[in-house]
Amino acid sequence: MSSKTMLARQESAELGLSFEEVFQYQYMICRRGIDPQGMKVSACRGWRVLTGRALPVARLHDRDGIFIGLLLGIATGPDGVIEGEYSFGDLSAGVPEFFSGFERHLNAFAGRFTIIVASGGDERIYCDPVGMLGVVYNPQTRRVGSSLKLCIEDAVQDHPLYDHSINEAYGSKYSLFHTRDARVRRMNPSFYLDLANFHENRYWPREDSFDMPEGGLEAVYDELINTARNSIGAIAARYDCAMPLSGGRDSRLLAAFAGPHMQNIRQVFTHVTNYATRIDAEIAKRLAAVMEVEHEVHDRRTLRPVPRRVRRSERCFHLAAGAVLPLPSELARDVNHCLTPGSVVLRGHQTDLLRAVFVRKAEMSHWKDFRWQIEKLLIVPRNHFNDEVYTRFMPEFMAWHRTLSPVARSRAVDMMFLEVYYASSLGMTFPGLHRHFYMSPFNSRRMIELSLSIDVTYRIGAKPVDDLLYRMNPDLLSVPFDNEISADLSNIDGPSPARDLRVAAAVARAPERVSAKSARKRRA
């Protein structure tokens, strides 16, 4: 096998798949000498940047027009989508404070992206807060890519810590910055990768990252609403977008953030793949009616999966993700084909922080028990987790934990969720979903900082989500969540004590000016 190739291209040919199609949203960064066939070619200093045919690429410049790097993927900032020839009006390449200024700008970027940036003698890789575009690297071949098989030339060398048959059967995670290949590492998204030596260095969070803003909770909510709404609006104005709706909190919150921009979302949909998602579809229908948008239901019973297409989706997913894993339900049930090819699919994900989904108890003493935290990473299914698994992965977990600064340790479980769990889940599966560009418009370090400035005891009960829904659109809050209705849906439109208590609590917590404004909205 030539040393100037990638396993991804060879396996595409062996499987009878189009490399250009399967890797259309992926990238690989390398020194010169790699065959670029099927990818676009850009350059940053001595690095060749190969990108799939559909992956957006923005050229970055300093205040004087000097080229400093490339942004791959979709990102928004205070002025909208970062695209084309983008200039930082207050950065000067080559000065000692360049990277601290660049990281300040990066804090506000939201989306799914990877950046290669150079100044002075330094060349670095940065990414979005959870590595959603995928960032893996091979120090031996000196390659960085969105998935494993772009970074190796020969057969996968299985990582010795894993029973790979369990990962293949149950979808367990290659966690703690591992990939299936022992030579290839996943970058911690709170670090940058120094391309001089392929070492990672932490730069986030800063000492003051999780300080509550002046103005308290109201200021947090105002900034979250304005920032998320601007992000969604900018993306929806630039790309054909789709947004799922379900019976849970996160999709509803994202739709509320979108506000008037929901009218620009091309497809508002619910995939129905099992009984639970049928309940989702009924609730989503009512949410769509509140927002006065069309709602599509993609039901596997009426669509009838095409077996040949499902088998092809499986081959594509395994190749693009870089490992054999169970298919996501939308592929296994063949409903993803109901979405327009090339759509940008907007999802919540980091809004989970407003519910502290990984935190079992608020007491810091509980956070010092690492066993349940390692279990939460789903390195093996819950019923496979035991003392041997805990002992096997404890050194790797502690190696990560020791990188946390004091301020990061104060939110250690949330940091584990962001840096370890999401990087190993979204950072691996999203590149495998090759027909559409999945992303979270809430995925910015600033919005994460604001979310984590809220006391964890308040977040555990999902109060911030209800507060925000009431603040933006109280009629959305009044539609029951999936856990507030009976399995037969008999009370979906009738009395619901759980819903009524939740709404009453949100009303009671709201400041007077918000309550009055919301009351006027309801009367209107």
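Biologist: How many bridges join strand β1 to strand β11?
Modeller: This is a predicted model. Here β1 covers residues 27-30 and β11 covers residues 143-145. They run antiparallel. The number of bridges joining β1 to β11 is 2.

Biologist: In what sense do β16 and β17 pair, parallel or antiparallel?
Modeller: Strand β16 spans residues 267-272, and β17 spans residues 296-299. Across the pair, His271 has His298 of β17 as its bridge partner. The two strands share 4 bridges, and the sense is parallel.

Biologist: What handedness does the β-α-β unit of β16 and β17 have?
Modeller: Helix α7, residues 275-291, belongs to this unit along with the two strands. The unit is right-handed.

Biologist: Where does helix α15 bend?
Modeller: Helix α15 runs over residues 412-432, 21 residues in total. From first C-alpha to last it reaches 29 Å, close to the 30 Å expected at 1.5 Å a residue. Even so, α15 bends by about 50°. The bend is at Tyr422.

Biologist: Why is α15 described as largely enclosed by the rest of the structure?
Modeller: A residue is buried when its relative accessible area is under 20%. Helix α15 is largely enclosed because, of its 21 residues, the number buried is 20.

Notes: Residues numbered from 1 in each chain as written. Predicted model: local features only at pLDDT ≥ 70, side-chain atom pairs only at ≥ 80, totals over all residues. Heavy atoms only, no water. Pairing = 2+ DSSP bridges. Right-handed = clockwise from strand over helix to strand, strands pointing away. Expected span 1.5 Å × (residues − 1). Bend = angle between axes of the 7 residues up to and from the residue. Buried < 20%, exposed > 50% of the residue type's maximum accessible area, 1.4 Å probe, protein only.
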